[in-house]
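Me: I'm new to this one, could you walk me through a few parts of it?
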Amino acid sequence: MEPLYQSTITCICCEQTFQTSRVRPSFKKALSRDSDFCGYYREDINPDFYVVRVCPNCGFATTENGMDQLADVKRKQYYDRIGSQWVKRDYGGNRTAEQAMTCYKLALLCGQAVGEKERVIAGILHHIAWLYRYEDNTEQEERFLRYALDSYIQVYETEGVSLNNAKLMFLIGELYRRVGEKNEAVRWFSRVVNDKRIADASMIRASREQWQLIRAEQSAPEVHSNPQQGELYA
């Protein structure tokens, strides 16, 4: 069985139908995951590459969590900023890492142009950081982790009550940890652990583990080298 199958999408911008590739559920099992939920899959297929749907006709790109309709004023905003420059191309087949990056960045531009929900923007930014992580591009990964972090904080401040607070709070703490802001990370992890209203055992456990990891890192003695004597000292 092929890992990819074709799904028919109706573009919310130009209302044309197009085909986009999806990964079959049986191929979506990750071999491993990072603490911020970045998955690692078989070399020949990565489901994260196919999250974004790109209309080949008008270029509008979004995810399944994005808007399900577009008002005329939003459509005009898209065409004024992006659509008028679109050269028809099709991303509906098998995608390379480079093509996946292009699709995510296009979805980011489209989302910003039409005022997409902040939680959708945050997810796109986080996925772009993951794509850079796959490439071992730590500078760009951290850049987009910071963008994603700012966006997740906005989500928490505006939508936190209606979402899974524990997972969102953990994710904010974990991204703070990953960009090196350990004190802020501890503050968010401790909120998950100590808030009696939170009953999500997996997120409480994950927050406690990452909190302990930071404490272990902070208590470990720094090791320096003495270039004159060739000895190590703490």
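Me: Where does threonine 20 lie?
Reply: Threonine 20 lies in strand 2, which covers residues 17-23, and since this is a predicted model, everything I tell you here is computed from that prediction.

Me: Is threonine 20 buried or exposed?
Reply: Threonine 20 counts as buried, because its relative accessibility is 2% and the cut-off for buried is under 20%.

Me: Which residues is threonine 20 in contact with, leaving aside its neighbours within four places in sequence?
Reply: With those neighbours left aside, threonine 20 is in contact with Tyr5, Gln6, Ser7 and Ile9, and also with Val52, Arg53, Gly92 and Arg95.

Me: And how many residues of strand 2 are buried?
Reply: Five of the seven residues of strand 2 are buried, so strand 2 is largely enclosed by the rest of the structure.

Me: OK, how many bridges join strand 1 to strand 2?
Reply: Strand 1, residues 4-10, is joined to strand 2 by seven bridges, and the two strands run antiparallel.

Me: Switching to helices, at what angle do helix 1 and helix 2 pack?
Reply: Helix 1 (residues 72-81) and helix 2 (residues 97-114) pack at about 130°, and their axes are 8 Å apart. The two helices are therefore oblique to each other, and helix 1 passes helix 2 in a right-handed crossing.

Me: Which residues meet there?
Reply: From helix 1 come Lys74, Gln77, Tyr78 and Arg81, which meet Cys110, Gln112, Ala113 and Val114 of helix 2. By type, the residues of this contact divide into four nonpolar, two polar and two charged.

Me: One more spot, where is isoleucine 204, and is it buried or exposed?
Reply: Isoleucine 204 has its place in helix 7, residues 201-219, and at 16% relative accessibility isoleucine 204 counts as buried.

Me: What is isoleucine 204 in contact with, again leaving aside neighbours within four places in sequence?
Reply: Apart from those neighbours, isoleucine 204 is in contact with Val192, Val193 and Ile198.

Me: And how far apart are isoleucine 204 and lysine 167?
Reply: In sequence isoleucine 204 and lysine 167 are 37 residues apart, while in space they are 9.0 Å apart, taken from C-alpha to C-alpha.

Note on methods: Residues numbered from 1 in each chain as written. Predicted model: local features only at pLDDT ≥ 70, side-chain atom pairs only at ≥ 80, totals over all residues. Heavy atoms only, no water. Axes fitted to C-alpha atoms, helices over the stretch in contact; angles between N-to-C directions. Helix = DSSP H or I, 4+ residues; strand = E, 2+ residues; numbered from the N terminus. Parallel < 35°, antiparallel > 145°, perpendicular 65-115°, else oblique. Left-handed = near helix turned anticlockwise from the far one by under 90°. Contact = heavy atoms within 4.5 Å. Nonpolar A, V, L, I, M, F, W, Y, C, P; charged D, E, K, R; others polar. Buried < 20%, exposed > 50% of the residue type's maximum accessible area, 1.4 Å probe, protein only. Pairing = 2+ DSSP bridges.
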